[in-house]
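Good morning, and thank you for coming. I would like to take a few minutes to go through one model with you.

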Amino acid sequence: MTLPETMLSLEVSDLSVSFAGLTSPVLAIGHLTIAAGERVAVTGGSGSGKSTFINMITGLDRAGTGSIRWNGSDITRLSETARDRWRAGHVGLVMQDFHLFPGLSAVDNVLLPARLARVADSAMIDRAHQLLSSVGLVRPGQKIETMSRGEMQRVAIARALLRQPGVIIADEPTASLDSSSGEAVATLLLDMAAAAKSTLIVVSHDPSLIGRLDRRLTLSAGRITADTAAKEQTR
Amino acid sequence: MIGFILADLRRLWAGAAVVILLVALATALGVTVTLQERALRLGSARAADKFDLVVGAAGSETQLVLSSVFLQPAPLPLASGDVLAKLSADPRVAWAAPIGFGDSFSGYPLVGTTRTLIASMVDGFAEGRIFEKEGEAVLGAAVRLPLGAEIKPMHGTAETGGETHAGVVYRVTGRLKPTGTPWDRAILVPIQAVWHIHGLGHHEDHDDEDHHDEHHTDSDHEHHGIDIDAPIVEDFAANAPGIPAILVKPKSIADAYRLRQAYRGGNTVAVFPAEVLTNLYATLGDAKLVLSAVAAGSQALVAAALILVTVTHVGQRRRQIGALRAFGAPRFAVFAIAWFELFLMVAVGVLFGFLIGLVAARWIADIFTVQSGIVLPVGFGKEDLRTLLLLLSTAALLSAVPAVLAYRQSPAKALRS
Ligand SMILES: Nc1ncnc2c1ncn2[C@@H]1O[C@H](COP(=O)(O)OP(=O)(O)O)[C@@H](O)[C@H]1O
Ligand SMILES: [Mg+2]
């Protein structure tokens, strides 16, 4: 079976992350693989290391030791600038608190990183508008600060998908939303990832969201304590 | 990118305005002090320009210059009339003119002098003509009186409780063109009239008294008066009374030095006002030091403002820079945004500061001119351009600090903050 080139696989080996002043590592993963196109939920209690895991595999942080290979290439060996460039090309990020830029419209927010990277051609601008309408936003010119939180997260999802990333990584994308808009955003994220055929890694506590993914990783005190396939969860 | 920066500045417009204002005010303070100090130096030097050599009675050289060039009211010792006679006859002297002061009218100093001095000091008349009789007066360019006005001189100044010279009235015949010196604020009258008012130089005493009585039969004065219709005699060969200052026009530069040598020591002093001013600036080193300290202090204030702005900017932008990196903006673009946004604010502040400084210095100079008559040439020079470039380069360097700091921190950390 040949996978689309855009899909990314992950292999983590001997990853250990410690912070100054803490006795035990915040994250310790001996070996973990995520196949290209797989859709994985990451759960665990508060402080269990979920965000640290996300920051490490996206290259947002380089605090630890060990290797993190995406399609075989180890991002821990890249320079800061090279990691930024790699992330821009391969990762679609959705964070709990959006990190949108007020003062700009929805579509300008979607396009900002691409514009700064000088890759926003007219095809990409069209795509930005399409993405906004497919996440259900009909006013692409609306200023971001006038939007509801649910709408903001939809803009953030559109931004994450703009450059057709090989992996979409979301850190508690519904945690700061009320339950109905959280559910809508969760559905949207899954549908969009499916349509884009990206690998998907989502940190979440939301059972309905977790239940719709292929695999579930459970973290506790920085260690993976459970790794279950979807069929095993279904009762 | 510009769009992003402008959106960001619009959003944080109050903060940006404060930053710009802070930088502008600190810059303006330094610019004002610098411009003002320079203008004062140039302006007073220009005011002294026409005064080649001033001779007076032995005493303070500085006071002699301040009183004759800048018309600062102060009692001066009188040089004997013989000195004027001797100078007038000296072959090295083109002309010598007595300058007498002490009286005033409605806030303007009255200066007694000669037509020769006026002709050589001023470019000519804006309107009217020079005085031709003892009872006539001409106005400096900045004196707000009409032609034909009556001048009733007061001894001293109104503030110091001066009294009017009863019955003495000059009539204004002309207004001079501006000179940019304190003499623009003076009312110029024939020196012989000043002497007569004060009962001096009456070598033809009875004649004068006769005239006097004819013209003022109704006044019961014991004062000395002027004969308003008497012709002006500017031949000081003999019998001139004591004189506070004599302006001397030497025939050559060499003559100027010889004359200064000849009239220094004994009962007289002879000074080059330009030289006295130079010495004055040197001895006023303390005052200049204060000004320099103020200027340096304000520069330090600018620097502190810049650092403060930079530090707060780093704090404010940390999250934003982290987010830009996390979502795929390349390093150069993030750096450029962080740098340019800060630099833009500081540069606008600095430019505003120069503008405000210029306006403030002009404004102060105008007030100074109204009060003193000395025109201060306020304006930017080459050295100001250098200061501007220096400030802008410093700002450019400092503006890079947040951008550099942003890269010393992982985006994960920046996003958490
Ligand atoms: N930069 C840091 N310095 C010190 N401790 C940190 C840092 N980042 C995270 N931690 C600690 O690591 C642990 C895991 O954090 P995190 O990955 O954010 O947990 P989660 O996302 O699962 O709630 C927590 O105990 C947190 O306090
Ligand atoms: Mg977390």
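Predicted model: local features only at pLDDT ≥ 70, side-chain atom pairs only at ≥ 80, totals over all residues.

Let me begin with chain A. Helix 3 of chain A, residues 106-116, and helix 4 of chain A, residues 122-134, have axes that come within 10 Å and cross at roughly 140°. On the side of helix 3 of chain A, the contact is formed by A:Ala106, A:Val107, A:Val110, A:Leu111, A:Ala114 and A:Arg115. Helix 4 of chain A contributes A:Met124, A:Ile125, A:Ala128, A:His129 and A:Leu132. By class, nine of the contact residues are nonpolar, one is polar and one is charged.

I turn now to chain B. Here helix 2, residues 13-47, packs with helix 12, residues 382-406, at an angle of about 165°, and their axes are 12 Å apart. That angle makes helix 2 of chain B roughly antiparallel to helix 12 of chain B. This crossing, too, is described as right-handed. Which residues make the contact between helix 2 of chain B and helix 12 of chain B? From helix 2 of chain B they are B:Thr27, B:Thr34, B:Leu35 and B:Arg38, and from helix 12 of chain B they are B:Glu383, B:Asp384 and B:Leu391. This contact has two nonpolar, two polar and three charged residues.

Next, the aromatic residues. Over all chains, the structure holds seven aromatic pairs. One of them joins B:Tyr257 and B:Phe272 in an edge-to-face arrangement, with 5.0 Å from centre to centre and 75° between the planes. B:Tyr257 sits in helix 8 of chain B, whereas B:Phe272 belongs to the loop between strand 11 and helix 9 of chain B, so the pair links parts of the chain that are 15 residues apart.

Finally, the annotations. An unreviewed UniProt entry assigns residues 300-409 of chain B to the domain "ABC3 transporter permease C-terminal". In the model, that span is 85% helix and 0% strand, and its end C-alpha atoms lie 30 Å apart. UniProt, again in an unreviewed entry, also places transmembrane regions at residues 289-311, 332-365 and 385-407 of chain B. Residues 332-365 of chain B are 100% helix, with end C-alpha atoms 47 Å apart. For residues 385-407 of chain B, the helix content is 96% and the corresponding separation is 34 Å.

Methods. Residues numbered from 1 in each chain as written. Chains lettered and ligands numbered in written order. Heavy atoms only, no water. Axes fitted to C-alpha atoms, helices over the stretch in contact; angles between N-to-C directions. Helix = DSSP H or I, 4+ residues; strand = E, 2+ residues; numbered from the N terminus. Contact = heavy atoms within 4.5 Å. Nonpolar A, V, L, I, M, F, W, Y, C, P; charged D, E, K, R; others polar. UniProt positions renumbered as here; feature names shortened; annotations may be inferred. Phe/Tyr/Trp six-rings, centres within 6.5 Å; stacked < 30°, edge-to-face > 60°. Parallel < 35°, antiparallel > 145°, perpendicular 65-115°, else oblique. Left-handed = near helix turned anticlockwise from the far one by under 90°.
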